[in-house]
Amino acid sequence: MKDLIITFSSLWLISHAASGAISDVTLDTIPNSIFDEFRRTDQTNDNLNSLQIIQSQGYPAEAHTVTTEDGYILTIHRILGKPGSPAVFLQHGLLGSSADWLIANKSVSLAFLLADRGYDVWLGNFRGNTYSRAHVNLSSDDRRFWDFSWHESGIYDLPAMLTHIVETKQNLLRAYIGYSMGTTAFFVLCSERPQIARLVQSAYVLAPVAYLKYVQSPVMRFLAFAEEPLKKVIEAVSHGEFLPNDILVKILTKYICYFNTLEEEVCSNVFFLVVGFDSTEFDYQLMPKFLNHIPAGGSIKQLTHYGQLVKSGNFRQYDYGKDKNLEIYNSTEPPEYNISRIITPIAMFWGENDWLSTRIDVVRFVNKLPHKPVFYKVPYKKFNHLDFLVARNVRQLVFDQLIDILTNNTLDLHLET
């Protein structure tokens, strides 16, 4: 859901699609001046992929592929630790990829900080993003390929990736670290496939997302309550995919952020309408690199499913409508996820100014857990959803505390009131 920071660009696409202009938006119709500026800004990251970013920082890297039970082929990136080093797994959010954990300076990046502490770091990629666009039978041009939500990421993607790591290491995972949709999928995993969740000794959830009844983002609320017309418009101009990491989307996002405004602050203000305002911690220098990797692609159904949570106020499976729900679930309403099955020790990090993961929704979720987690409020009043990835002081505000809890295994603190 940070991940919704690029939603403003989708709104631009939607507005053009609604007017019929989207059919005219092609690479041929974009002015050469925009191409030139795009190439200039794109060079800030030298077009490195996740594996190359890791290697460029002097760390040994590997790419592993796994196949899910329903046929999706996923890529896991790895910062190779020493033999016997404990494994930690980092999972991105909506429209993100493994690169989310790598784009900041290595002295700030959580992936590199953990590698420097002696951990074997694995970086997951959910189905449909830049690194996981393959299937044993389906092409990514097939609408059926994109018929998934974060529910499938929880019951299929995470089991495939976590099982592969455990089999490779011949040991349990020391920690699962998820951000935004990476937390949602983990909660789904624990609820629906608790036997797989037992492969993880502890979990660290950043900007946790389950209940969304009190989401404050006006953009998210608009998308939620305009779900059906927006879904129809987007599906009319796509095959179920949402904001892939291709050159056209890159140009559109960078055009909005750099070429239609006089100052970067104007662009960041659009971001803040989604995640919460925090101009002090926002690292504007990361913007070109950030937009080189995000959005990394996802499905319309992922976004729609979140919108349903906003409207229903419940944490539950996808709502297909009464007739299809009856066929699939044997009930006219989709079943709620069984939070009481989440028994993994959890450290939960949240920001007071997070418009997507609000305190009231987070506390509601926490109060339903069978075991109370470490409940860590970031000690900075304006800390928002996106700050977990790009805040200037995210290491001091969040990551040092996370690593301390992980290293000292102190997941026995009481819920903060």
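This is a predicted model: local features need pLDDT of at least 70, side-chain atom pairs count only at pLDDT 80 or more; totals for chains, interfaces and linings use all residues.
E69 sits in the loop between β1 and β2, while R193 lies in the loop between α6 (181-192) and α7 (194-197), so the bridge ties together parts that are 124 residues apart in sequence.

The structure holds 13 salt bridges. Another one joins the side chains of E62 and R78, with an N to O distance of 3.0 Å. Here E62 belongs to strand β1 (residues 61-67) and R78 to strand β2 (residues 72-79), 16 residues apart. E62 is partly exposed at 27%, whereas R78 is buried at 8%.

A further salt bridge connects D157 with R127, their closest N and O atoms being 2.8 Å apart. D157 is found in helix α5 (residues 150-169) and R127 in the loop between β4 (120-123) and β5 (134-135), which places them 30 residues apart. Both ends are buried: D157 has a relative accessibility of 0%, and R127 has 2%. Salt bridges with shared partners also join E62, R78, D120 and K169 into one network.

Turning to the whole chain, its secondary structure comprises 17 helices and eleven strands. Of its 417 residues, 60% are buried. The chain exposes about 16,300 Å², and carbon and sulfur atoms supply 50% of that area.

Technical notes: Residues are numbered from 1 along each chain as its sequence is written. Side-chain values use heavy atoms; hydrogens and water are left out. Helices (H or I, at least four residues) and strands (E, at least two) are DSSP runs, numbered from the N terminus. Buried means under 20% relative accessible area, exposed over 50%, partly exposed in between (1.4 Å probe, protein chains only). Accessible areas come from the Shrake-Rupley method with a 1.4 Å probe; for residues, only the protein chains shown count as cover. A salt bridge is a side-chain nitrogen of Lys or Arg within 4 Å of a carboxyl oxygen of Asp or Glu.
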